[in-house]
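Subject: Structure handover

Hello,

Here is the structure for your files. My notes on it follow below.

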Amino acid sequence: MTTPAFSVKAQSYMREIAALWFGKWWWLFAMPLAAFAFWALYDLRAMYVCLIMIFLIFPLLMSFVWFNYAFSPSVLKGVATKEISITDSGLSVAFLDDGVRRLMFEDIFIKREDILALEFKKTHVSVVYGQRLDQRLIIPDEVLAESFKAQLSELLPKNNNDLEAF
């Protein structure tokens, strides 16, 4: 079974990655702020340091994280126009030329055992196939038939209990 040609907006792809990244690394922001808030109880100058962190340092760090993911090959493949086919041994992803983005990649094949998780969300299904946050395929619900979702569920390895999508 093959999906029709589709592409994912870069905005929705990066929103998905940002939610996952903040879910995993939220404490990197909370710990320094908590320390400076505690310090601010004793010294008012700590409030200025805290505000500098919130409005200068944290946005700069977030821009580095954003650029790290925004220009990775996995994200570029994730937003390119593609067709996905389900076979008995995995997923075949064929990248198409849409004439707009002009991103051409070689077709890839994701073996059944390389699929770590399937995440069924309200508007899409994410197929996680790698350890990095951006190694995922986002398939919008508009291009998925119910039979395709059922076949996707069957693709997940049976011994997948110890694997976790992060």
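What is the mean pLDDT of the protein, and what share of its residues reach 70 or more? This is a predicted model; its mean pLDDT is 85, and 91% of the residues are at 70 or more. Residues 160-166 have pLDDT below 50, and in the model this stretch makes 14 contacts beyond near neighbours in sequence.

The largest nonpolar core consists of 37 residues. I84, L91, V127, L137, I139 and L152 have the most contacts inside this core. At least two core residues come from each of helix 1 (10-25), helix 3 (45-70), helix 4, strand 1 (82-87), strand 2 (90-95), strand 5 (124-128), strand 6 (136-140) and helix 5 (146-155). Setting aside neighbours within four places in sequence, L91 is in contact with I84, S85, I86, I108, F109, I110, I115, V127, L137, L152 and L155.

S74 belongs to helix 4, which spans residues 73-79. With a relative accessible area of 14%, S74 falls under the 20% cut-off and is therefore buried. Apart from neighbours within four places in sequence, S74 contacts Y13, D134 and Q135.

On the surface, a nonpolar patch is formed by L44, M47, Y48, L51, I52, I54, F55, L56, I57, L60, L61 and F64. Together these residues have about 1200 Å² of accessible area. L44 lies in the loop between helix 2 (27-40) and helix 3. L44 counts as exposed because its relative accessibility is 56%, the cut-off being over 50%.

Regards

Notes
Residues numbered from 1 in each chain as written. Predicted model: local features only at pLDDT ≥ 70, side-chain atom pairs only at ≥ 80, totals over all residues. Heavy atoms only, no water. Helix = DSSP H or I, 4+ residues; strand = E, 2+ residues; numbered from the N terminus. Buried < 20%, exposed > 50% of the residue type's maximum accessible area, 1.4 Å probe, protein only. Contact = heavy atoms within 4.5 Å. Core = buried A, V, L, I, M, F, W, Y, C linked by side-chain atoms within 4.5 Å. Patch = residues over 30% accessible without salt bridge, like charges linked within 9 Å, V, L, I, M, F, W, Y side chains within 5 Å. Areas by Shrake-Rupley, 256 points an atom, 1.4 Å probe, with all protein chains shown as cover. Salt bridge = Lys/Arg side-chain N within 4 Å of Asp/Glu carboxyl O. pLDDT = per-residue confidence, 0-100.
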